Amino acid sequence: MTPLAYLHGQPAVTAEYKQQCADFIVKEDLGFEPDGQGEHVLIYLRKTDCNTQFVAEQLAKFAGISAKLATYAGLKDRQAVTEQWFGLHMPGKETPDFSAFALEGCEILRVTRQSKKLRVGVLKGNWFSLMIRDISDRQALDARLQLITQQGVPNYFGEQRFGRDNHNITQAQRWADGEIKVKDRQKRSFYLSAARSAIFNDIVSERIIHHTSSTALAGDALQLTGRGSWFLALAAELPELQQRIDNNELQITAPMVGDDALGTQEAAKQFELQCLDKWQSLIDLLKKERLMTSRRAILLKPSELTWQWIDEQTLKMHFWLPAGSYATSILRELIVN
């Protein structure tokens, strides 16, 4: 894949992160409090160096139900300490006594019930606490953090979306070219998600290259910050809308391509069509699979970003990101790893 553009220029500061699991802490924010009743058992669990799907399977096994009845709101990094919710569909059954549940690297923090199924993506966001070590230039990193606080970073999908050595996007391209057939439901989902994510990243990169990542074009699709719905930026309203973008009230979006129209018009639509031309085979696959087009913000601003210097070469930072965004997008603009 083509290298992606940097919003603030390629960083020059070298540093290390994830030297140990405790250097990368993630706490899930559902955005709601479980109602305490219903046919779904919810487990809030802290895990260290554990695969999310494996933990879900082990919880189901302990509860004596099929692994298909175990769910989670989102996959989390394995090489990390993460706190997240798991759901077990157990209608008409008592809540198991999880005090006897034993899995290396896992600690159950809370058990409750919920009337609705815990589905992938049903969360507001995640809190992150990261330790960055062996920093080469404290002053330069401080300046970079100030830039990110003010202007954000590209809202790129992280490398984990594409699999090791970009395996998922490679397989998606082979599928699109008719070289392979993909019957496994999970693989199909991974490959299609990788294809849409790669296309999105490319459009965001092109907007940065053309200096329009934070400048609205006529016909752009704009979102209210923190909302999913969007509306068209009419040419006559651009000055007013641009001010709202500058105030972080609105965000410019790029497409997650599917079978529906892009949603943009005029100059914005022409720009996106030019970007999409080189992805035609993957777009044909996405249309064939009838995925719905959606929109995603081009830029990402971490909320409540704070940092503390432990010593001249070690920094601890805290921030919150909305669901579907990647902490690695912050780190990519911050340091060379």
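Buried means under 20% relative accessible area, exposed means over 50%, and partly exposed lies in between, with a 1.4 Å probe and protein chains only. This is a predicted model, where local features need pLDDT of at least 70, side-chain atom pairs count only at pLDDT 80 or more, and totals for chains, interfaces and linings use all residues. Residues are numbered from 1 along each chain as its sequence is written, and side-chain values use heavy atoms, without hydrogens and water.

**Stop 1**

Select Glu304. It sits in strand 14 (residues 303-311); strands (E, at least two residues) and helices (H or I, at least four) are DSSP runs numbered from the N terminus. Glu304 counts as exposed because its relative accessibility is 60%.

Now select Asn166. Look in the loop between strand 8 (153-154) and helix 3. Asn166 is not a glycine, yet its phi is positive, about 60°. At 29% relative accessibility, Asn166 counts as partly exposed. Most residues other than glycine have a negative phi.

**Stop 2: helix 3 and its partners**

Select helix 3 (residues 167-176) and helix 7 (residues 280-288): they pack at about 80°, with axes 9 Å apart. Axes are lines fitted to C-alpha atoms over the stretch in contact, and angles run from 0 to 180 degrees between N-to-C directions. So helix 3 is roughly perpendicular to helix 7 (65 to 115 degrees). Contact means heavy atoms within 4.5 Å. Helix 3 contributes Ile169, Ala172, Gln173, Trp175 and Ala176, and helix 7 contributes Ser281, Leu282 and Leu285.

Among the contact residues are His167 and Trp175 of helix 3, and Arg188 and Phe190 of helix 4.

**Stop 3: helix 8**

Select helix 8 (residues 327-334). Helix 8 is mostly covered, with 6 of its 8 residues buried. Which residues of helix 8 are buried? They are Ala327, Ser329, Ile330, Leu331, Glu333 and Leu334.

Key
Parallel < 35°, antiparallel > 145°, perpendicular 65-115°, else oblique.
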